[in-house]
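Hi,

Here is the model I promised to pass on, so please have it open while you read. My notes on what turned up in it follow below.

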Amino acid sequence: MHAEASPVVELCGVGVRVDGARLLHGVQLALAAGEHLAVLGPNGSGKTTLLRVLSTYRFPSDGDASVLGVRFGAADLRPLRASVGFVSTALDDLLHVRADALPLVAAARRGSLWPAPGILDDPQVRATAQRALERVGAGHLAGRRVDTLSQGERQRVRIARALVAEPALLLLDEPFAGLDLGGRESLLRDLDALLDEPGGPTTVLVTHHLEELPRGIRRALLLREGTVVAQGPVGEVLRNGPVSACFGLPVAVESVGGRFTARAVTAT
């Protein structure tokens, strides 16, 4: 009999306090390989703090946390970070520079922010970077300078930089921020294809909006004031009651073809 694989993510009673402020409290979460989770909640609910714990850059103040089978406090987490892709527009100004997309993605394969001269001379590195761009529908951007790209195109390059290292865990912090309707729908389509890839990374996606959930997301966690309101299969969690409790106002949730929408309900 084979031993059961360790969860990709396991949080037991995790809390985070900063300067006396409680950002997370009592979070329980377990994600197996290949599971994809959406984390939703209002501003200040603790969503990005949770991602920073999962990225191993924020240690819990309370409880126990393990990522990719490594328990916080029991081992050096720095080698683990190469297996965790963290995508956030708030983390870097890298994609405002005069460099082409392909070498920037190739640099991430080498663990660097900036491409070294001749980095594309290695055929394997070039092919791997090109494939990462293609996985998010951005293969045609390989020779484009990133400071000339649209916000949606830059976001694809960010995700490709995370994917090129073949992470086991992919963290997406508001990947649709700043996108118009067309850009959102195009990126959603490409993320759906990514989430359907056999053997692809376990993915945690943070957003404020139910309309931004790819169909490949099967689990949801709702946060309010650092506390989990509900979690489980999307069909059970993304309902009127839990979503209303999470956002603090009456909400009507609808699902059509695997996509969700939500609107506030006014009293009559």
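How are H4 and H5 oriented relative to each other, roughly parallel or roughly perpendicular? Keep in mind that this is a predicted model. H4 and H5 (residues 181–195) pack at an angle of about 15°, and their axes are 12 Å apart. Anything under 35 degrees counts as roughly parallel, so that is what H4 and H5 are to each other. The crossing of H4 past H5 is right-handed. On the H4 side, the contact is made by Gln155, Arg156, Ile159 and Leu163, and H5 brings Ser186, Leu187, Asp190, Leu191 and Leu194. Sorted by class, that contact has five nonpolar, two polar and two charged residues.

The other helix pair I looked at is H2 with H3. Their axes come within 9 Å and cross at roughly 110°. The range for roughly perpendicular is 65 to 115 degrees, so H2 and H3 fall into that group. From H2, the residues in contact are Leu102, Val105, Ala106 and Arg109. H3 answers with Val125, Arg126, Thr128, Ala129, Gln130, Ala132 and Leu133. The class count for H2 with H3 is seven nonpolar, two polar and two charged residues.

While you are there, have a look at how H2 sits in the fold. Eight of the nine residues of H2 (residues 101–109) are buried, so the rest of the structure largely encloses this helix. The buried ones are Ala101, Leu102, Pro103, Leu104, Val105, Ala106, Ala107 and Ala108. Helix H3 (123–135) and helix H4 (151–163) are among the elements that cover them. Just after H2 comes Gly111, with a positive phi of about 75°.

Next, strand E7. What is the burial of its five residues? Five of the five residues in E7 (residues 169–173) are buried, so E7 too is largely enclosed by the rest of the structure. Leu169, Leu171 and Asp173 point one way from the strand, Leu170 and Leu172 point the other way, and all are buried. E7 is joined by five bridges to strand E6 (residues 84–88), and the two run parallel. In that pairing, Gly85 stands opposite Leu170. Five bridges also join E7 to strand E8 (residues 202–207), again in parallel. There, Leu172 has Leu205 of E8 as its bridge partner.

Finally, the open sheet. Four strands make it up, in the order E2-E1-E4-E5, with antiparallel pairing. Strand E2 (21–31) and strand E5 (70–71) are at the edges with a single partner strand each, so one side of each has no neighbour in the sheet. Between E4 (residues 62–67) and E5, the antiparallel pairing extends over two bridges. Val67 is the residue opposite Val70 in E5. Helix H1 (residues 47–54) lies across strand E1 (9–18), E2 and E4, and runs at about 120° to E1.

Cheers

Methods: Residues numbered from 1 in each chain as written. Predicted model: local features only at pLDDT ≥ 70, side-chain atom pairs only at ≥ 80, totals over all residues. Heavy atoms only, no water. Buried < 20%, exposed > 50% of the residue type's maximum accessible area, 1.4 Å probe, protein only. Contact = heavy atoms within 4.5 Å. Axes fitted to C-alpha atoms, helices over the stretch in contact; angles between N-to-C directions. Parallel < 35°, antiparallel > 145°, perpendicular 65-115°, else oblique. Left-handed = near helix turned anticlockwise from the far one by under 90°. Nonpolar A, V, L, I, M, F, W, Y, C, P; charged D, E, K, R; others polar. Pairing = 2+ DSSP bridges.
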